Amino acid sequence: MGIERPPTTGHDVELAALAATGDRRAYGELVRRHGSSVRGLLRRLGADSASADDIAQDAFLVGFEQIADYRGEGAFGGWIKKTAARLYLRKVKRDSRLIFSDAAPEEPPPAVSGDAPGDRLDLDEALKALSHGERLCVSLCYGADWSHAEAAEALNIPIGTVKSHVKRGLDKLRARLAPTDVSARREGHG
């Protein structure tokens, strides 16, 4: 009898069903598939790399304990990201760092055009230019796929505040990440 290999094929729903029966290898595959996107979301929410790693690990542990609650009605990645975002918000609230201010960071990073050779659009850098509230609301609603109501409840702020943070944040991101007018640059060099 050969050594059983962990399942690396199959849909996330199938792997989650196996994990719900106690198959740690199937859950390990889900962690492998979704670990980097969960850590990325946590960094976009504001966690440093080490905290993102720790919170992601905690989220996957909670996810394993609650895998029977996952019904496959949505993507597993979205389900585990919601868990990670809730854990991050608990940590931030516990550390008393959750402050909603409309002020952008003191020194926003330089604009990124994406047009010149070597330039690239960098969402993580662009998010750093948003206020803390805008960054949280945009990342929760678009990165973790939360509704405005879910974000408002989790952040304990009015839904209108979430909506305005999301709108302002998206407007700032669009302006920051929009390509510059290439034709105007070419005419100046022509």
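Q: What does buried mean here?
A: Buried means under 20% relative accessible area. In this predicted model, phenylalanine 76 has a relative accessible area of 1%, so that residue is buried.

Q: And tyrosine 27, buried or exposed?
A: Buried, with a relative accessible area of 5%.

Q: How many aromatic pairs are there?
A: The structure has six aromatic pairs. In one of them, the ring centres of tyrosine 27 and phenylalanine 76 are 6.3 Å apart.

Q: Why is that pair of tyrosine 27 and phenylalanine 76 edge-to-face?
A: The planes of the two rings are at 85°, and over 60 degrees counts as edge-to-face.

Q: Which helices do tyrosine 27 and phenylalanine 76 lie in?
A: Tyrosine 27 is in helix 2 (residues 24-45), while phenylalanine 76 is in helix 4 (residues 76-94). The pair therefore ties together parts that are 49 residues apart in sequence.

Q: What about tyrosine 70 and phenylalanine 76?
A: They form an edge-to-face pair too, 5.5 Å centre to centre and with 85° between the planes. Both residues are buried.

Q: Which residues do ring pairs link into a cluster?
A: Tyr27, Phe60, Phe64, Tyr70, Phe76 and Trp79.

Q: Switching to confidence, what is the average pLDDT?
A: The protein averages 82, and 76% of the residues score at least 70.

Q: Where is confidence lowest and where highest?
A: The lowest is helix 9 (residues 182-189), at a mean of 48. The highest is helix 3 (residues 49-65), at 96.

Q: What about residues 105-120?
A: The pLDDT there is below 50, and the stretch has 28 contacts in the model beyond near neighbours in sequence. Where pLDDT is low, predicted coordinates should not be read in detail.

Notes. Residues numbered from 1 in each chain as written. Predicted model: local features only at pLDDT ≥ 70, side-chain atom pairs only at ≥ 80, totals over all residues. Heavy atoms only, no water. Phe/Tyr/Trp six-rings, centres within 6.5 Å; stacked < 30°, edge-to-face > 60°. Helix = DSSP H or I, 4+ residues; strand = E, 2+ residues; numbered from the N terminus. Buried < 20%, exposed > 50% of the residue type's maximum accessible area, 1.4 Å probe, protein only. pLDDT = per-residue confidence, 0-100. Contact = heavy atoms within 4.5 Å.
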